[in-house]
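Subject: the two-chain model

Hi,

Here is the model I promised to pass on.

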Amino acid sequence: MMLSKGLKRKREEEEEEEEKKEDLEVDAWWLDPGHPAVTQTPPTVASSSLFDLSVLKLHHSLRQSEPDLRHLVLVVNTLRRIQASMAPTVTLPPVPSPPIVPSVADNLLASSDATLSTSIASLLEDLSHIEGLSQAPQPLADEGPPGRPVGATPPSLGALDLLSPATGCLLDDGLEGLFEDIDTSMYDSELWVPASEGLKPGPEDGPGKEGAPELDEAELDYLMDVLVGTQALERPPGPGR
Amino acid sequence: MHQPPPASCSRSSCCVCARVGVRVSALAPAAAPCPAPSRSLGPRPPEPPSRGTSTLPLAPLGPWCSPTGSPAPLSCETGCGEGSWILVCRLLVPTQVSLLSMEEDIDTRKINNSFLRDHSYATEADIISTVEFNHTGELLATGDKGGRVVIFQREQESKNQVHRRGEYNVYSTFQSHEPEFDYLKSLEIEEKINKIRWLPQQNAAYFLLSTNDKTVKLWKVSERDKRPEGYNLKDEEGRLRDPATITTLRVPVLRPMDLMVEATPRRVFANAHTYHINSISVNSDYETYMSADDLRINLWNFEITNQSFNIVDIKPANMEELTEVITAAEFHPHHCNTFVYSSSKGTIRLCDMRASALCDRHTKFFEEPEDPSNRSFFSEIISSISDVKFSHSGRYIMTRDYLTVKVWDLNMENRPIETYQVHDYLRSKLCSLYENDCIFDKFECVWNGSDSVIMTGSYNNFFRMFDRNTKRDVTLEASRENSKPRAILKPRKVCVGGKRRKDEISVDSLDFSKKILHTAWHPSENIIAVAATNNLYIFQDKVN
């Protein structure tokens, strides 16, 4: 309704998403400039459609072989705001089709930025504890001035905690099929354990994550060593760090 | 092949010493004003209230001020209100074949493989991704998504063809970056040219920096109009002659030839950026430059390609805590120790390299408090700064976020001194623009030569100019249908509500696929270059 007819679609996948969104857009009452509530008060409750849209965007962004970090960060921050304002009993969106999922993992695992991919892996693992999403709506008051980095986010929410449970399918499909065309010597180490034990979160989640009961202490230590070793190569400690 | 990145030298102690060494040499010119191209201050805008003492001395007056201190009339001082703009020429970035533009060919298949460029339609590879005049305005460089750089040169003035003055013609074309494959990460590296920056001219050759996501290259563009003839050991085709057949010796002479412009890569600065480079900026000492990606800024010496110094690093130890990225960075035009960088949260940090080796702690922090009445879920996205530019005088910085352009005084950190609405009618459409990703578009902004007018792009091939003195603004359109050469551009207007008048266009009719992201302004004259997909429009102020 608001888009000009000259607008071009970027990819074919968005055709399917577009139909879904058109249905969802209807209840975005708070965006209607004629609505009396809009001009007076900022929207305090997002419709679930905006949440869905943001989740889809996050998927799309992560699907890129090398995600645009700015786009990713902005979408994640927006998603945080939306999620913070949503009612506790929001129902989760229907899962996107499974074909999207293995490619997400493919690209994530192929990323050489060990900490980013590990943190994302940890969040994928966290999806099995999806109740965590509905338990922590944040009051808007502590948003604070947007420019300042807000204090520590609630421990149960990582940066990318808001992925839909669809990625849980990853565990069902099994991981072996994903690595067929990748040189698996790198992945044959203990880091990448098959589906039965789930993906391992990174060690830096340790203090904050209450939802990782099946982690083995020894495996955590091993992971810690590997990651610390990797990080040492990349950034040896210097003054002021 | 992929090599391990050179040490981010700020980390090891020996390199800290080396960096101090580099900075000592940079300090010397800082004591006296760095040599910089003279700029006119133009009509001085009203003095804003200053807070405390300024740490930066005012830039010296340029040569265009008369001895009494009042600026002499300049062509570029007429501003955007008094003059009218005419189209000088529309240039298509030349492809190998047909000159069909993207507007005619609605087929938007992404064709990134080079072998497909031989087909007879303009491809996505021809989309212009950066535009930049050199310091004299004689040359205009464009970079495109296909990794090519095309340099245009201004037509020389001649008495016979006065009407041709101001036209730009192709001077040189070369492939700056090729698509690469990072085998370590199994990623393709785009060849799209993100930025071009010229170096000031120091000899007969021209030098420019061009960068894609990962690699910066220094290119030398030089002319050759003579060639040697009359070799003894080679014949005219270059084949070696049998020495036994040579009976006489001759001295080779230089003979004139058709002008040939050749571009050669002189330096390649690679492997220093994990994330995508968004900015490069040449320092006023002309010895160093910086490159900025999403999380880090590196300082380079032009002569050294295997080392760069990391001067800003905002990567958090835990990537889950990442909430902010660097979006643009620029050196101060006169003070070689000072630079600014902007962020995705709408903040600008000014840093002084003399303060510490790692400039993670800023000297100044510019941020405007959020307007509570305009708050929405998209507040952060629309506050994300897409471009930051110092004024030529060095006293102000201009920032572009999604809906506005802001001018900041370096002495006042808590709010901008001027805010201009580029397309405020989009404020009620943010959700749609978020859906189609237009809200993430990165518009650039430019100053005119005298810092009195600022320009930026919008949608529907519109671009906007704001006169800082008269507070007047104008919307113009860069499109084929509406401009005949030498015809005066008609100001455009967007109808935001109520009855639409005859010449106005309604918000819902705007074409969001036609975006003007890249523009450039001649350093001393009222000539502007506007890039619209694969078209480059050159407009000139008719007052000239």
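Strand β25 (residues 453-457) and strand β26 (residues 462-467) of chain B run antiparallel and are joined by five bridges. For the terms: helices (H or I, at least four residues) and strands (E, at least two) are DSSP runs, numbered from the N terminus, and two strands pair if DSSP finds at least two bridges between them.

Some housekeeping before I go on. This is a predicted model, where local features need pLDDT of at least 70 and side-chain atom pairs count only at pLDDT 80 or more, while totals for chains, interfaces and linings use all residues. Residues are numbered from 1 along each chain as its sequence is written, chains are lettered from A and ligands numbered from 1 in the order in which they are written, and side-chain values use heavy atoms, with hydrogens and water left out.

**The sheet around β25(B)**

β25(B) belongs to an open sheet of four strands in chain B, ordered β24-β25-β26-β27, with antiparallel pairing. The edges are β24 (445-447) and β27 (473-477) of chain B, each with a single partner strand, so one side of each has no neighbour in the sheet. From one strand to the next, the twist averages 20 degrees (axes are lines fitted to C-alpha atoms, for helices over the stretch in contact, and angles run from 0 to 180 degrees between N-to-C directions).

β24(B) and β25(B) pair in the antiparallel sense over three bridges. They form a hairpin with five residues between them, and B:Asp451 in that turn has a positive phi of about 65 degrees. The hairpin of β25(B) and β26(B) has four residues between the strands, with B:Asn460 taking a positive phi near 60 degrees.

Is β25(B) buried on one face or both? Both faces are covered, with B:Val453, B:Met455 and B:Gly457 on one side and B:Ile454 and B:Thr456 on the other, all buried (buried means under 20% relative accessible area, exposed over 50%, partly exposed in between, using a 1.4 Å probe and protein chains only). With five of its five residues buried, β25(B) is therefore largely enclosed by the rest of the structure. In a regular strand, side chains alternate between the two faces of the sheet.

**Elsewhere in chain B**

Strand β20 (residues 387-390) of chain B points B:Asp387 and B:Lys389 one way and B:Val388 and B:Phe390 the other, and all are buried. Four bridges join β20(B) to strand β21 (residues 396-400) of chain B, and the two run antiparallel.

Inside it, strand β31 (residues 527-532) and strand β32 (residues 535-541) of chain B pair antiparallel over six bridges, and B:Ala529 stands opposite B:Ile538 in β32(B).

Overall, chain B has four helices and 32 strands. Buried residues make up 56% of its 544 residues.

**Chain A**

Chain A has nine helices and zero strands, and 44% of its 241 residues are buried. Helix α3 (residues 48-63) and helix α4 (residues 69-85) of chain A pack at an angle of about 155 degrees, with their axes 10 Å apart. α3(A) and α4(A) are therefore roughly antiparallel (angles under 35 degrees count as roughly parallel, over 145 as roughly antiparallel, 65 to 115 as roughly perpendicular and the rest as oblique). The contact (heavy atoms within 4.5 Å) involves residues including A:Leu50, A:Phe51 and A:Leu58 of α3(A) and A:Leu72, A:Val76 and A:Leu79 of α4(A).

Cheers
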